[in-house]
Amino acid sequence: MSSSPSPLSARGSRLAFLVVGLCWLAVLFDGLDMFIYGSVLPHLLETKTFGLTPDQAGDLGSYATFGMLVGALTAGTVADRIGRKKLMVACVTLFSLASGLCALADGVAVFGLGRTLAGIGLGGLLPTAISMVSDYAPRGRGAIVIGLLMTAHHAGGILSAYVAKWLVDPVGWRAAFWVCVLPLLFAPVLVRFLPESLSFLVAKGRTEEACALAARYDVEPPAAKPAAAGAGDRWTNLVGLFRDGEWTRTLLYWLASFGGLLLVYGVATWLPTLMRAEGYELGSALSFVVVFNLGGIVGMLVAGRAADRFGAPRISAVWFALTAAGVYLLSVHMPMTVTMIVVFLTGVFLNSAQTMIYATVSIRSDPHTRATAVGWTSGMGRFGAVFGPWLGGQLLASGQGDRGFTAFALAGVSSMVFIGIAALRTPRTAAEDSPREQPLAAH
């Protein structure tokens, strides 16, 4: 019996649609809150809000990604204790209230605290939402459903650009953060309509509740699983990633993930500002954010199919090479139409290149260490997510903003090299022929 419920009727399909729809909206708000800082940053720097300097702006961008690191690393443990539904509600509430704190901030310290707290909520929401939709996805459609869910994050990025475009000049930057408080009204909707994870209910021994929920929607309840591995087993799995020559491949995966997320969050934070530095008007710079995230949506929908056909390691390496080329080209002032095409293609490849690292790790790992390998690869990569926004700020502060795109392009080249070498060093084992999951969460 599958561990994931599958629809047995139209009512079962209705449950899957309900869960995916609610999680999609939650991740949309997650993306809005994540990208809003980068969208308003050119205005903050031009008006010298709080006396903000480029290096301080980079620090503020890193605060949110550091919070996301904390949120992502603690989400699994907290969700196992209180349930995925409660954690999703808590995360939406936290990043909404934190945006309110940013809107009320009277200085860099309070604003930075707000971005850090928002990051914790943002980092905790995404893996929890992915787990939730995986739990209710139709059998055999998990990867597609997760890919669909991830489009919401980029849709939130698009929304952030329009919020900044419509509100910042006529009303002020604080209005953009007040818009990010509105998801607070969505929290009661989650409380009322989002069902708890069936797998969580079964794992907690609440089988009657799980069966009643499954019967209500005519879905198959998940089979009871053996007790989860204890802390000793988890550490044993981690140590196993460094045994028998595996340490080189593990470190290569971690380095590739570090460079990938440095690139993802560095570009996400600094794209509008760097494009302004290249001579584009603010409206055009924000339009690039829209086009970039449209590319991200397309990339999420095509990456899995390409990996199934050509192999995730190969696609990851090629995607990073194309990303590096696209990011570097953005440092060249080209005709607007050409620039838009380059931004779109960069969005396609950048956002799914990191995804393919996770897919590679998942495919090439032994089944009993797969979850540990993917989790630590993601965790180590998030240090790159913290470093990327900081790096952009330091380059601008030192008067080398024109080298920002070059620095981010080099991060893409490094990830291409690391994932390529790791793939070459991986022998084909039975693990590759075993049932696999291809995580589609790039962030």
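Leaving aside neighbours within four places in sequence, which residues is Thr 151 in contact with? Hold that thought for a second, everyone. What we have on screen is a predicted model, so please keep that in mind as I go.

Okay, the overall picture. The chain has 16 helices and zero strands. Of its 443 residues, 57% are buried. If you take contacts between residues at least 6 apart in sequence, 84% of them join residues at least 24 apart.

You'll find Thr 151 in helix α5, which runs over residues 142–167. Its partners, once those sequence neighbours are set aside, are Trp 24, Ile 297 and Leu 301. Is Thr 151 buried or exposed? Buried, because its relative accessibility is 6%, and the cut-off for buried is under 20%.

Next stop, Gly 381, over in helix α15, residues 370–397. Gly 381 has a relative accessible area of 0%, so this glycine counts as buried too. What does Gly 381 touch, not counting residues up to four places away in sequence? That would be Ser 257, Phe 258 and Leu 261. Have a look at Phe 258 in particular: Gly 381 and Phe 258 are 123 residues apart along the chain, yet their C-alpha atoms are separated by 3.8 Å.

Now for the holes. Rolling a probe the size of a water molecule over the atoms shows where empty space is left. Searching the whole structure turns up three cavities of 30 Å³ or more, and the largest cavity holds about 60 Å³ of space. Its lining is made by Met 34, Phe 35, Tyr 37, Gly 38, Gly 61, Ala 64, Arg 115, Ala 268 and Thr 269. The elements that give two or more residues to that lining are α1 (10–46), α2 (54–82) and α11 (246–277). Which of the elements gives the most? α1 does, with four residues.

Leu 117 is in helix α4, residues 108–136. With 30% relative accessibility, Leu 117 counts as partly exposed, because that class lies between the 20% and 50% cut-offs.

That's my tour; over to you.

How values were computed:
Residues are numbered from 1 along each chain as its sequence is written. This is a predicted model: local features need pLDDT of at least 70, side-chain atom pairs count only at pLDDT 80 or more; totals for chains, interfaces and linings use all residues. Side-chain values use heavy atoms; hydrogens and water are left out. Buried means under 20% relative accessible area, exposed over 50%, partly exposed in between (1.4 Å probe, protein chains only). Contact means heavy atoms within 4.5 Å. On a 1 Å grid over the protein atoms alone, a cavity is a set of points where a 1.4 Å probe fits but cannot get out, and a pocket is an open set with protein on both sides within 12 Å along at least five of seven lines; lining residues have an atom within 4 Å of a point. Grid points are joined across faces, edges and corners, and a volume is the space filled by probe spheres set on the points.
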